[in-house]
Amino acid sequence: MTEPQLTREFLRELFLFTSLTDDQLDWILAHVTLEHYPAGTAIITEGEPATCFYVLLSGALRMTRLVGGSEVETIRSDQRGSYCGATQFFYGQHEQRYATSVYAITDLTFLTLPAREFADQFRSWFPMATHLLEGTYLGWRNSDALIGQRRRLLALGEMSAGLTHELNNPAAAAVRATAALRERVAGMRHKLAILAKRDIEPDLLEQLIDVQERLVKQVADAPPLTAMQQADREDEIGDWLADRDIEQGWDLAPIFVAAGLTAESLDHVLESVGDALLDGALRWLAYALETEMLMGEIEDSTTRISALVGAAKQYSQMDRAPHQWIDVHDGLDSTLVMLAGKLGTGIEVVKDYDRDLPTVPAYGAELNQVWTNIIDNAVSAMEGEGTLTLRTAREGDRVLIEIGDTGPGIAAETKQRIFEPFFTTKPVGEGTGLGLDISWRIVVDRHRGDLQVESEPGNTRFQVYLPTTEQASE
């Protein structure tokens, strides 16, 4: 590798040093060193004392940060003059630490300055600029921490409220069904005891049990009925019971209909047990059938709870690698589950998914944050009434995820600024202006994709394009 000749002219080719005076460049030349690193080398480790300021002369590097114990890549660069390392050298702390780790993607060369000496000299060269930088840095860090914390708490509160609301319904249904099931089982034991006291022949009791088992198996396959069909079937069975002097048959008819029984089914029961035992047998069968339906309701409720917990894990990407090949539909669906409480009953959700889409290389939890931000804005724009449309498609070597709403649309002047940080159209106190900025950085910077918006009254569509190849995300 040919060593570059370090001169004033060479340094002025780097944008950081273009405007320095000759004396200032001479100080740089007196303190700078050249450092070469082969591909794959770990150059800087996050958390270690920040001793050097690095300026990239050639090659490519990548930066990472530790998030939740996992290393997350934040940026890649091969731009000549890019800098890293002790980038807050101007900030007057006694000991600073590297905020990121840096690795060499290819063989690279750094121009390296000692951070402490450079900081002292920088303050003497630019005293006012140093004070302004320190103030800006402190203000940005404090406001970013406060706003970020507030936003995370708000998002966590909304997600928790939505999930709690969704969990409450199946949990309450399971509790109600369990209480009812206890009563039905007790009644079933009571009716069986009454039947047993009547000295039923063993063959007859066995037939009754066979009828019970056959009818119970039909519960799961009971066809859904319209309200009119339900009423007609109940009238039919009610008449059948009344004709045979079964008291309070109107209480039994809805149970038999819900279980999928017909008057013909009851004829089979009559043939098996005879007139003398018909009343007790029917009530015992009603308890058995209702018990089966209640157990089915409990199973449905607990399955729903399990599905909600699974959606929450999918949304948070718990127990998953930060970067992986994902199906975008999984993230969209889990986000809808998490936001179900906010969607309410006034917003219709339409899914137009292309299920043949390939998986994409992505940071799943971060993309879920994108879907959350866009859907949340869409819901706010529609003010609780409208249609939310989620569409996926393949366009060339990219996957398109489009989220549309039927709100009032985005004005032309607003559309030009919608992805700017801290820009918001919401009233003071209701928005931070960071949601779409964060979404932009996740899609464009992190995934090398694209984020666009098309809008007119009644039809606003945010379009996210993600590459389908690993190379495109680098």
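**Salt bridges up close**

Tutor: Start with Arg-80, which is partly exposed at 37% relative accessibility. Keep in mind that this is a predicted model. Arg-80 forms a salt bridge with Glu-13, with 3.7 Å between the closest N and O atoms. That counts because the cut-off is 4 Å. Glu-13 sits in the loop between helix H1 (8-12) and helix H2 (22-31), and Arg-80 in the loop between strand E5 (70-77) and strand E6 (83-85), so the pair ties together parts 67 residues apart in sequence. Glu-13 itself is exposed, at 56% relative accessibility.

Now take Glu-366. Its salt bridge partner is Arg-446, and the closest N and O atoms are 2.8 Å apart. Here two helices are involved: Glu-366 belongs to helix H12 (residues 364-382) and Arg-446 to helix H14 (residues 435-446), so distant parts of the chain, 80 residues apart, are linked. Arg-446 is buried, because its relative accessibility of 14% falls under the 20% limit.

Strands get a pair too. Arg-461 and Glu-402 meet in a salt bridge at 3.2 Å, N to O. Arg-461 lies in strand E15 (residues 459-467) and Glu-402 in strand E13 (residues 398-405); the two are 59 residues apart. Glu-402 is buried at 8% relative accessibility, whereas Arg-461 is partly exposed at 25%.

Salt bridges link Arg-8, Arg-12, Asp-22 and Asp-26.

Note on methods: Residues are numbered from 1 along each chain as its sequence is written. This is a predicted model: local features need pLDDT of at least 70, side-chain atom pairs count only at pLDDT 80 or more; totals for chains, interfaces and linings use all residues. Side-chain values use heavy atoms; hydrogens and water are left out. A salt bridge is a side-chain nitrogen of Lys or Arg within 4 Å of a carboxyl oxygen of Asp or Glu. Helices (H or I, at least four residues) and strands (E, at least two) are DSSP runs, numbered from the N terminus. Buried means under 20% relative accessible area, exposed over 50%, partly exposed in between (1.4 Å probe, protein chains only).
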